[in-house]
Amino acid sequence: MSVRGRLARTGPVISDILGRHDYPPAVSRLVAETLLLASMLGTALKLEGRFTVQTSSDGPVDLLVADMTKDGGLRGYAHFDADAVAALGTETPTLEQLTGKGSMALTIDQGPGRNSYQGVVPLEGYSIAACGEDYFRRSEQLPTLIKLVVAQSFERDASGAADGGWRAGGIMIQQMPEDGGFVRDLDPGDAPEGSAARQDTAEDENWNRAKILMETVEDHELVDPALASEQLLYRLYHEDGVRAFPPHPLSFSCRCSQDYIKGVLEGFGSEEMADMHTDDGRIEVRCEFCSSTYNFDPDEFKGS
């Protein structure tokens, strides 16, 4: 059956990223969904650089960024108006209520000296998953079904305190084209060397069957740590000979450092840096991804 799928289930890395910020629950869920989508799509490619999912819009959450590197380094953040989010008056606002009108860009950055690739779709639909489906429908003409689930855990530790961590799980399937197009030769990403890029051609009924089975997945199954990924896949597709490749581990990774931030500041003029001065006259810069703060003496940049 020529159907390719992805299954992503994360816990600690999502909690690590969200734990570095003081986001309202609704914003945390949106960031987690964007991180999950980036990890699902990023691991489907033979990346040499970085894969980024970014939204830009006119709503309370006007910017979302999630990116993943070749080695599974994941990071993300949101820019939002806290008062506007609170004014929505609900803990489960819709995507449109949170983001308003805008666009979603998916970018493959292959590094210095190499071409970058980007696809842009309207930020429409009921979820981040729906926007991902729209991207494949518009840009690659690939029938795609995506389901993303985010849940906050309230398991209690030995002291009885709730940990408040987050878990996220997603599943995606795509119907591969029978003839033509670059997709037919696209390496499945995490497949062992020598594996075929795709299986034999499929009939439409195979795709319809795959969709129907995927739609039976319940939210709790995607985020239940006691349910192994292989077990979930077997429940769904054991009659179809599904193959599972080795997992692609993810970890939080931010590329900021004292030297990196200093290099960025050296590109600013003196008037721009003056706006960054703290009350004690030092320059302070905060990384949006990891919330680390870097301090500099303005004298370090004199003559630069």
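Q: Which residue does Asp 67 form a salt bridge with?
A: Asp 67 pairs with Arg 255, and the closest N and O atoms are 3.3 Å apart. This is a predicted model.

Q: Is Asp 67 buried or exposed?
A: Asp 67 counts as buried, because its relative accessibility is 2% and the cut-off for buried is under 20%. Arg 255 is partly exposed, with a relative accessible area of 33%.

Q: Which residues are linked with Asp 67 in a network of salt bridges?
A: The network links Arg 50, Asp 67, Arg 75, Asp 109 and Arg 255.

Q: What about Asp 109 and Arg 50, how far apart are the closest N and O atoms?
A: They are 3.4 Å apart in the salt bridge between Asp 109 and Arg 50. Asp 109 belongs to strand E5 and Arg 50 to strand E2, so this pair ties together parts that are 59 residues apart in sequence. Asp 109 counts as partly exposed at 24% relative accessibility, and Arg 50 counts as partly exposed at 26%.

Q: How many salt bridges does the structure hold?
A: It holds 14. Another one of them joins Arg 209 to Asp 240, with the closest N and O atoms 3.1 Å apart.

Q: OK, the sheet. What order are the strands in?
A: The order is E6-E5-E2-E3-E4-E9, six strands in an open sheet with mixed pairing.

Q: Which strands stand at the edges?
A: Strand E6 (116–122) and strand E9 (251–252) do; each has a single partner strand, so one side of each has no neighbour in the sheet.

Q: How many bridges join E5 to E6?
A: Seven bridges join strand E5 (residues 102–109) to E6, and the two run antiparallel. One of the pairings is between Ser 103 and Pro 122, the latter in E6.

Q: Which helix lies across E3?
A: Helix H2 (residues 25–42) does, running at about 35° to E3. H2 also lies across strand E2 (50–57), strand E4 (73–80) and E5.

Q: Now the surface. Which residues make the nonpolar patch of about 280 Å²?
A: Tyr 260, Val 264 and Phe 268 make that patch.

Q: Where does Phe 268 lie?
A: Phe 268 is in the loop between helix H9 (258–265) and helix H10 (270–274). At 33% relative accessibility, Phe 268 counts as partly exposed.

How values were computed. Residues numbered from 1 in each chain as written. Predicted model: local features only at pLDDT ≥ 70, side-chain atom pairs only at ≥ 80, totals over all residues. Heavy atoms only, no water. Patch = residues over 30% accessible without salt bridge, like charges linked within 9 Å, V, L, I, M, F, W, Y side chains within 5 Å. Areas by Shrake-Rupley, 256 points an atom, 1.4 Å probe, with all protein chains shown as cover. Salt bridge = Lys/Arg side-chain N within 4 Å of Asp/Glu carboxyl O. Helix = DSSP H or I, 4+ residues; strand = E, 2+ residues; numbered from the N terminus. Buried < 20%, exposed > 50% of the residue type's maximum accessible area, 1.4 Å probe, protein only. Pairing = 2+ DSSP bridges. Contact = heavy atoms within 4.5 Å. Axes fitted to C-alpha atoms, helices over the stretch in contact; angles between N-to-C directions.
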